[in-house]
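Please read it alongside the sequence and the structure shown here.

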Amino acid sequence: MAEQVWTLAGKPNCRLLRPSILLLMALVLVLLGTAVREPDRLQVVTQSRMAYPQPKVLTPSRTDVLVLTPWLAPIVWEGTFNSDILNVQFQLQNTTVGLTVFAIKKYVVFLKLFLETAEKHFMAGHRVIYYVFTDRPDAVPRVALGPGRRLQVLRARPYARWQDVSMRRMQMLSEAAEQRFLREVDYLVCADVDMQFHDHVGVEILSPLFGTLHPAFYGRPREAFTYERRPQSQAHIPWDEGDFYYMGAFFGGSVPEVQRLTKACHQAMLADRANGIEAVWHDESHLNKYLLYHKPTKVLSPEYMWDQQLLGWPSVLRKLRFVAVPKNHQEIRKSESGGQPTGSPEGAGRAGRAAGN
Amino acid sequence: MHRKRLAWSLGLCLLAGASLWVLWVSVQNWLPVSYLPYYLPCPEVLSQYPQPKLLLEHRPTELLTLTPWLAPIVSEGTFDPELLQHIYQPLNLTIGVTVFAMGKYTRFVQRFLESAEKFFMRGYRVHYYVFTHDPAAIPRVPLGPGRHLSVIPTQGHSHWEEISMRRMEAISRHIAGRAHGEVDYLFCLDVDMVFRNPWGPETLGDLVAAIHPGYYAVPRQQFPYERRPVSTAFVADGEGDFYYGGAVFGGQLARLYEFTRGCHMAILADKANGIMAAWQEESHLNRRFISHKPSKVLSPEYLWDDRKPQPPSLKLIRFSTLDKDGGWLRN
């Protein structure tokens, strides 16, 4: 065939043939080359020399709180970590963090404060992509973003009941994780929108799977946790089980792990729906069930999920990092047609549960 | 006619290129399992351990339990052994152990293996790799089910320092050549030691180091780092977290390979400059652990010197020196 090609190329009306064949061969070679290149999954990261105080083996960093779970996952409190060391470790791997937030219907009003405070306190110095799921893309405010940070608006279907809005987040997250997050970010942080960043929230939270301690239950016995207690529900947890009560408003991990978690929760909720039952705290109940069986590799202290209005500022919290924005539940939940608001408090207002006990 | 055939072959090339590209993209998008997750399939254990207490009334342990880069420091009381067993057992892991029994050190293999059979990773698949110049000198120690031993013939050297330095090269070669098909995690231990208490899955991690028993209460300026700037193992005065012992380190194969290879390269560079680090490979290991921080640190319970009195802060000594007189052995 090669001979035929060259003889053909000699003819005047096929002069373009030879260069185009060369071009095609070059293209195929390039594609082959890129396909054969080693996927750089394992990056050898060498930390440059740094100055910081020596850790002391005989001096615990905190004596008032537990900093390690029984399965050896760190519980992140102020004083347990050195941000300089961690920043270097994650920067060397060129870590990109995705922050997902859902602003459905009237909740778009919380976006401005959320994003502005995130710009100040969330993952400073690292690459960030904000994923804003909304049914009102025009209402997403234009917030000035720092270098290496961008915002992506994703369309979300608005459900009529606020419970469904909350629960369908799991479905939307698991779908988006497969379709785009896997390619765009290394870690995902899934947060409620009616919150603001008040202090540093950085790479110390990043790990394959993390949950956050609910501010109302961190000192309580497991019998007081508001797990789903009915055996008919997929989210059922018996009275003598449970490590912590995790808050549905702040969880995350590596993209594959978050994809597994959100998919499992969504499927569990579908099973419940088929059985005519809805878990007492909706997606949060299912999240707690999942994290009981799939222990998180890091647990965040209530510094990362607080409501100062309801709970004050106890001395065990040296910093309040991510806090609730005061909101009028009745007002925000009224449907657009002017119907009655339904159900019990959600979002950061769930912190108020302890006050009522 | 020729033109038509040419057009067909061009089209075929394009198709081949396109399908190669699609294949590459799909390979990239496979969910990577780059670590072992915490899964707990059997629910029975969930009600069998007490709820962790978040607010402490008193100090449970006097030791630091988290490094500043959030790696756990493992000691008695920080973990629940039964819970960890239920998490790790179903993962069907195989744990490898390398020991070097060169020269007269073959006499330690018996007690090492016997104590390992009693205390090391009970209930797991274990593969011992004994590197020795004299395979005939390795005793036959009865092993439990799922536990194997391989003797790896290794070239001997006249000086014990040389033997010590060659370990990094041997381990990295071994991981690349054989271990990666046989084990999930690997520990590299000194042979002149004995297990005295359980050593379990609490020690598993991506890259694991152990704190040297002689320096855990000492300021970093007094750590026996290599202090000559010409050496690749040089550590400056204000640097360093802990002084790690060369007798215990380990981790997941990929990370461990990079670690041991890096140490080996540094040792070679020193050799080319005619210098040997103060504590041989331990100096290089310590240098490397500063810039490639371990993901898990073992307290001195996992690397103890029996000649030292046991302090109250260390509750359970698990792995310690075999009582021997070192002087005549080194000749």
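## Helix packing and sheet order

In this predicted model, the axes of helix 5 (residues 162–184) of chain A and helix 6 of chain A come within 8 Å of each other and cross at roughly 140 degrees. Axes here are lines fitted to C-alpha atoms, for helices over the stretch in contact, and angles run from 0 to 180 degrees between N-to-C directions; helices (H or I, at least four residues) and strands (E, at least two) are DSSP runs, numbered from the N terminus. Helix 5 of chain A and helix 6 of chain A are therefore oblique to each other, given that angles under 35 degrees count as roughly parallel, over 145 as roughly antiparallel, 65 to 115 as roughly perpendicular and the rest as oblique. The crossing of these two helices of chain A is left-handed, a term used if the near helix is turned anticlockwise from the far one by less than a right angle, with right-handed used if it is turned clockwise.

Residues are numbered from 1 along each chain as its sequence is written, while chains are lettered from A and ligands numbered from 1 in the order in which they are written. Because the model is predicted, local features need pLDDT of at least 70 and side-chain atom pairs count only at pLDDT 80 or more, whereas totals for chains, interfaces and linings use all residues, and side-chain values use heavy atoms, with hydrogens and water left out.

On the side of helix 5 of chain A, the residues that meet helix 6 of chain A include Met167(A), Met170(A), Leu173(A), Ala177(A) and Phe181(A), where contact means heavy atoms within 4.5 Å. Among their counterparts in helix 6 of chain A are Leu261(A), Cys265(A), His266(A) and Met269(A). The residues of this contact between helix 5 and helix 6 of chain A divide into eleven nonpolar, five polar and five charged; Ala, Val, Leu, Ile, Met, Phe, Trp, Tyr, Cys and Pro count as nonpolar, Asp, Glu, Lys and Arg as charged, and the others, Gly among them, as polar.

| Helix pair | Axes come within | Crossing angle |
|---|---|---|
| Helix 5 and helix 6 of chain A | 8 Å | roughly 140 degrees |
| Helix 4 and helix 5 of chain B | 9 Å | roughly 145 degrees |
| Helix 5 and helix 6 of chain B | 10 Å | roughly 120 degrees |

Helix 4 of chain B and helix 5 of chain B make a left-handed crossing, and among the residues that meet there are Met165(B), Met168(B) and Ile175(B) of helix 4 and Leu256(B), Cys263(B) and Ile267(B) of helix 5. By class, that contact has eleven nonpolar, four polar and five charged residues. Helix 5 of chain B passes helix 6 of chain B in a right-handed crossing, with a contact that includes Phe259(B), Cys263(B) and Ile267(B) from helix 5 and Leu285(B) and Phe289(B) from helix 6. That contact of helix 5 with helix 6 of chain B has six nonpolar, two polar and four charged residues.

Chain A holds an open sheet of eight strands in the order 1-9-7-8-5-2-3-4, with mixed pairing, where two strands pair if DSSP finds at least two bridges between them. Strand 1 (75–76) and strand 4 (149–155) of chain A stand at the edges with a single partner strand each, so one side of each is left without a neighbour in the sheet. Strand 1 of chain A runs parallel to strand 9 (residues 298–300) of chain A and is joined to it by two bridges, and Val76(A) has Leu300(A) as its bridge partner in strand 9. Helix 6 (residues 255–274) of chain A lies across strand 5, strand 7 and strand 8 of chain A, running at about 130 degrees to strand 8.

In chain B, an open sheet of eight strands likewise has the order 1-9-7-8-5-2-3-4 with mixed pairing. Strand 2 (residues 94–101) and strand 3 (residues 125–132) of chain B pair in the parallel sense over eight bridges, and Phe100(B) stands opposite Phe131(B) in strand 3. Helix 3 (residues 109–119) of chain B lies across strands 2, 3, 4 and 5 of chain B, at about 170 degrees to strand 3.

## Annotated positions

An unreviewed UniProt entry gives the annotation "binding site" to Tyr105(B), Asp190(B), Val191(B) and Asp192(B); UniProt positions follow the numbering used here, feature names are shortened, and annotations may be inferred rather than shown by experiment. These residues span 88 residues in sequence, yet no two of their C-alpha atoms are more than 9.9 Å apart, so they gather at one spot. Tyr105(B) is placed in the loop between strand 2 and helix 3 of chain B.
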